[in-house]
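Please read the following report with the model open beside you, and look up each residue as it is named. The text moves from single elements to the chain as a whole.

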Amino acid sequence: MRLRYLSLCLAVLSANALAKTEQVRSPNGQIEVHISDDNHPHYSVFFQGKPVINESKLGFDFQTAPSFRDGFEIVSSSQDNVSSTWQQPWGEEREITDNHHELAVTFNNKAKQQAYTVRIRAFDDGIGFRYEVNNAKPLTVVRELTEFSVAQSEKATAWWIPARGWNRYEYVYNTTPLQQAQLVHTPFTFKNADNVHLSIHEAALVDYAAMVLDQRRPGTFVSNLTPWSDGTAVKTNGQFKTPWRTIQIAKDAVGLLNSRLILNLNEPNKLGDVSWVEPGKYVGIWWGMHINKNTWGSGEKHGATTANTKHYLDFAAKNGFDGVLVEGWNIGWDGDWFFNGDVFSFSKPYDDFDIEAIAQYGKKVGAKLIGHHETSGNVTNYRNQMTDAFELYAKNNVSQVKTGYVADGGNIKRIDADGIARYEWHDGQFMVNEYLDNVKLAAKYKISINIHEPIKDTGLRRTYPNWLAREGARGQEFNAWGTPPNPPEHTTMLAYTRMLAGPMDFTPGIFDMSFNGLGDQTNRPQTTLAKQLALYVVLYSPIQMAADLPENYEARPDAFQFIKDVPTDWEKSIALAGEVGDYVVYARKAKKHKQYSGNDWFLGAITDEQARDIEVKLDFLEAGKRFEAQIYQDGKDAEWKWKPYELEVRKQIVTQQDTLSLHLATSGGVAIRFKAL
């Protein structure tokens, strides 16, 4: 027995001696990734010399082929360093720096004649890694084994929403100890005992299933791939690259907001000339339906009429907006449209909506019709009409389309090759491809897309710049009828969670808080008026909606002026201060364009249910220049429940040397334009 024990010990020591470990560091040396073949391929991540991700397994299980688990060893590796700058055609920042160190490690199992490569890129703001598989025969993935084993998980705090629920991504965020998070969506944001902030997500999700995180052992999250209706996860021809598994890392919460890691891990623009893709602001026949002033379906209260659209086009043109979104214009909205997606037509309008006349009127006044395609999750019906639908819009000067996929999670309806209805998840491989096919086809007609009920953002706007924005979180409409509506902390949560993925069409700008009465017991925006203004700066989107009714803006011209002034395309963006779920302060510099000199800055600050006073240094402004600060701030008596309209509008001359003292009421905000003099 003793000899056998000694033999086993020697065997283990021999195996460990043969184990290989490779490592790569970020350019500034703060982040370090180790990858090893000891027992089972695994990796670990360190920040400032301390572990933030403990040893975490890598690999796959397949439907018929042997698993990528044990028996793999590192057979080769290579390194590369990249330092470059690229430009976005539109975005939160015109120039993006891509500075990373890369390590590619190939694992091989001689006995099974299997191999795969793990490619790691280490940036100063985090890491990304992906699998690259080049198999001769098709492989069907049933399980990805990637782990994220959080160091000191028992002391970590997490902010999260549940995955695989009926309401897709549209949930209020939870704040809990990390070990209480179960099946969660990404971006998944948390901080450890050292106040290091991390967010796990993915980049460049193409032809693959979206990843949610399943906490199996305490603190260890496993990549859980959203399945097809047949239970498998990913169907491949054997040669595939996974999305990048990303971990953004920062010494504080604000550091996460200033990360550009997700964009840097996506491929460059594949569309060529995209000068036809235009950021901007719009109004819409939309909010009236949510507050029951109008209906999507036909009848006396029908919102999408020719006359009403012309009225909105007049308002848009008068106030410098680019277009008017119109929902409910096409056949299919009558009855319970949530469940009748089979009958939607995408080229036949209701009799009271003359699309040709509206298009001509839009050209006359100087504002465009913005299209809308609601599928109610019946994607085969939409696909069969998609070409005709885009041709109709292109003919009528429509250059942007909002698409919708309203359906419960797991209830996307497709008809397979045998004519059988199958039901898929919004974030499964089938729909990942369906959304992208829609964006690619739209590009052929020089149409940009804004998707609601989408697949989550993974930075593909870099590769397909006509993918302007998407929803993918609990938006403004929940403040009309959601029970409960979005709480005061909701948008301060979005900044550090959902918004790490990319632009969101939150639809800010509600001026009438009392359509259901004031107080905290009704469905209404739980914010002050100033906070609604600040959202235009804090929650980035290249297309921002002035979501309220025209008459409500006309009643408050002082506040409306900020919405008219604020741009949606930025030269530079800097998060200045904040904590997850508490508050956030952003400064953004307007890109030179039309009414902007290229020297103006805008600032937005929002808070949760706590009022707070903040000091903001203006050192982001250009030295030697003077600016007129046009300040829209909560009044001294403002508070969101009963006095949301208390607004102070003032001006003062400032320079880079100044500091502003700003008051934010409960669920309040501050919006500022710094106009260069």
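A residue is called buried when its relative accessible area is under 20%, exposed when that area is over 50%, and partly exposed in between, as found with a 1.4 Å probe on protein chains only. Helices (H or I, at least four residues) and strands (E, at least two) are DSSP runs that are numbered from the N terminus. The model is a predicted one, in which local features need pLDDT of at least 70 and side-chain atom pairs count only at pLDDT 80 or more, while totals for chains, interfaces and linings use all residues. Residues are numbered from 1 along each chain as its sequence is written, and side-chain values use heavy atoms, with hydrogens and water left out.

**A helix and its surroundings**

Which residues of α5 are buried? They are Thr 306, Asn 308, Thr 309, Tyr 312, Leu 313, Phe 315 and Ala 316. An α-helix has 3.6 residues a turn, so residues three or four places apart point the same way. The buried residues of α5 pack against several elements, among them β22 (280-285), β23 (323-326), α6 (355-365) and α13, where a contact means heavy atoms within 4.5 Å. The expected span of a helix is 1.5 Å times one less than its number of residues; for the 13 residues of α5 (residues 306-318) this gives 18 Å, and the end C-alpha atoms are 18 Å apart, which agrees. Just after α5, Gly 320 takes a positive phi of about 85°.

**A strand with two faces**

In a regular strand the side chains alternate between the two faces of the sheet. Strand β37 (residues 659-664) has a covered face with Leu 660, Leu 662 and Leu 664, and an uncovered face with Thr 659, Ser 661 and His 663. Two strands pair if DSSP finds at least two bridges between them; strand β34 (residues 612-617) and β37 run antiparallel and are joined by 6 bridges. Within this pairing, Glu 615 stands opposite Ser 661 in β37.

**Rings and charges**

Rings of Phe, Tyr and Trp (its six-membered ring) pair if their centres lie within 6.5 Å, and planes under 30 degrees apart count as stacked, over 60 as edge-to-face and the rest as tilted. By this rule the count comes to 43 aromatic pairs. Trp 337 and Phe 338 form a tilted pair, with 6.5 Å from centre to centre and 45° between the planes. Phe 338 has 25% relative accessibility and therefore counts as partly exposed. The ring centres of Phe 562 and Phe 602 are 6.0 Å apart and their planes stand at 65°, so this pair is edge-to-face. Because Phe 562 lies in helix α13 (residues 557-565) and Phe 602 in strand β33 (residues 601-607), the pair ties together parts that are 40 residues apart in sequence. Both Phe 562 and Phe 602 are buried.

A charge sits over a ring if NZ of Lys or CZ of Arg is within 6 Å of the ring centre and within 35 degrees of the ring normal. The table gives two such cases.

| Charged residue | Ring | Distance from the ring centre |
|---|---|---|
| Arg 470 | Trp 467 | 4.0 Å |
| Arg 588 | Tyr 586 | 4.1 Å |

**Backbone details**

Most residues other than glycine have a negative phi, and most peptide bonds are trans. A cis peptide bond joins Thr 186 and Pro 187, with omega of about 5°, and Pro 187 has its place in the loop between β14 (183-184) and β15 (188-191). The bond from Thr 483 to Pro 484 is cis as well, with omega near 0°. Although Gln 152 is not a glycine, its phi is positive, at about 50°; with 29% relative accessibility, Gln 152 counts as partly exposed. Ala 204 is likewise not a glycine and has a positive phi of about 60°, but at 19% relative accessibility Ala 204 counts as buried.

**The chain as a whole**

The protein chain holds 13 helices and 38 strands, and of its 677 residues 61% count as buried. Along its principal axes, the C-alpha trace spans about 90 × 65 × 50 Å. Of the contacts with a separation of 6 or more, 70% come from residues 24 or more positions apart.
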